[in-house]
Amino acid sequence: MHDPMMHRRSIRKYTDRPVEQEKIDLMLRAAMAAPTACNQQPWEYYVVTNRDTIAQLARCSHFSKFAASAPVIIVACKRKLSMVPQFGDIDMAASVENLLLEADLQGLGTCWIGVAPQKRVTQSVGEVLNLPMALSAFAMIACGYPAEEKGEAGRFEEKRVHYIR
């Protein structure tokens, strides 16, 4: 088995194979197992498999056009009212990263599409999903079986590590 921490890469090309509900459930469980300030758990997730809605979401940002071919787009949303809102984006980022790593373990490819803090994109995604006022779109995750293969990113740079002993 590979190490998802090193294997996970942004995948932007997908096969037509549908993603099994069991794998979606595992990704969402992993997402909601993320660390969270004061246990506020600010996340809610929308799982989109409807082709028309996927096409609309893919048009919300010039960075998301490729997502039109994804069998699934998972939209991470943040609750606006929370115990410590200043840490909400950090909690959301940890949650999305957990989802990405679990997807890799399941043999899926994903690409995190930034939504927040871009006001226009956040609003567009919210309109497509008809989000309630209490939620704000944070990120879209295109997901499916990869139609491309990428090696490890190899981003480690020893010169960026500083020890104080």
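Mentor: Begin with contact, which means heavy atoms within 4.5 Å. The model is predicted. By that cut-off, and leaving aside neighbours within four places in sequence, Thr 122 is in contact with Val 115, Ala 116, Ser 136 and Ala 137. Thr 122 has its place in helix α5.

Trainee: How do you know how many disulfides the structure holds?

Mentor: A disulfide needs a pair of cysteine sulfur atoms within 2.5 Å. The structure holds 0 disulfides. Take Cys 77: the nearest cysteine sulfur, that of Cys 60, is 12 Å away, so by the 2.5 Å limit Cys 77 is in no disulfide.

Trainee: And what makes Cys 77 buried?

Mentor: The value for Cys 77 is 0% relative accessibility, and the limit is under 20%, so Cys 77 counts as buried.

Trainee: Why are Lys 78 and Asp 89 called a salt bridge?

Mentor: Side chains of opposite charge can pair when their charged atoms come close. The cut-off is a side-chain nitrogen of Lys or Arg within 4 Å of a carboxyl oxygen of Asp or Glu. For Lys 78 and Asp 89 the N to O value is 2.7 Å, so the pair qualifies as a salt bridge. Lys 78 lies in strand β2 (residues 72-79) and Asp 89 in helix α4 (residues 88-105), so the pair ties together parts that are 11 residues apart in sequence.

Trainee: Which accessibility classes do Lys 78 and Asp 89 fall into?

Mentor: Lys 78 counts as buried at 18% relative accessibility, whereas Asp 89, at 37%, counts as partly exposed.

Trainee: How many salt bridges does a search of the whole structure find?

Mentor: The search finds 5 salt bridges. One of them joins the side chains of Glu 20 and Arg 17 at 3.1 Å, N to O. Glu 20 is partly exposed at 26% relative accessibility, and Arg 17 is partly exposed at 43%.

Trainee: What makes Lys 159 and Glu 157 a salt bridge?

Mentor: Their closest N and O atoms are 3.9 Å apart, and the limit is within 4 Å, so the pair is counted as a salt bridge. Glu 157, Lys 159 and Arg 160 are linked in a network of salt bridges. Lys 159 counts as exposed at 66% relative accessibility, while Glu 157 is partly exposed at 33%.

Trainee: Which residues make the nonpolar surface patch?

Mentor: Phe 156, Val 161 and Tyr 163 make the patch, with about 380 Å². Tyr 163 lies in the segment after β4 (135-144). The relative accessible area of Tyr 163 is 62%, and exposed means over 50%, so Tyr 163 is exposed.

Trainee: Now the chain as a whole. What makes its radius of gyration agree with a compact globule?

Mentor: With 165 residues, a compact globule would have a radius of gyration near 15 Å; the chain has 16 Å, which agrees. Along the principal axes, the C-alpha atoms fill a box of roughly 50 × 40 × 30 Å. Of the 165 residues, 44% are buried. The chain exposes about 9700 Å², with carbon and sulfur atoms supplying 54% of that area.

Trainee: In what order do the elements of the chain run?

Mentor: From the N terminus on, the order is α-α-β-α-β-α-β-α-β, made up of 5 helices and 4 strands. Among contacts with a separation of 6 or more, 80% are between residues 24 or more positions apart.

Technical notes
Residues are numbered from 1 along each chain as its sequence is written. This is a predicted model: local features need pLDDT of at least 70, side-chain atom pairs count only at pLDDT 80 or more; totals for chains, interfaces and linings use all residues. Side-chain values use heavy atoms; hydrogens and water are left out. Buried means under 20% relative accessible area, exposed over 50%, partly exposed in between (1.4 Å probe, protein chains only). Patches are made of residues with over 30% relative accessible area and no salt bridge: like charges are joined within 9 Å, nonpolar side chains (Val, Leu, Ile, Met, Phe, Trp, Tyr) within 5 Å. Accessible areas come from the Shrake-Rupley method with a 1.4 Å probe; for residues, only the protein chains shown count as cover. Helices (H or I, at least four residues) and strands (E, at least two) are DSSP runs, numbered from the N terminus. The radius of gyration is taken over C-alpha atoms; the globule rule is 2.2 Å times the number of residues to the power 0.38.
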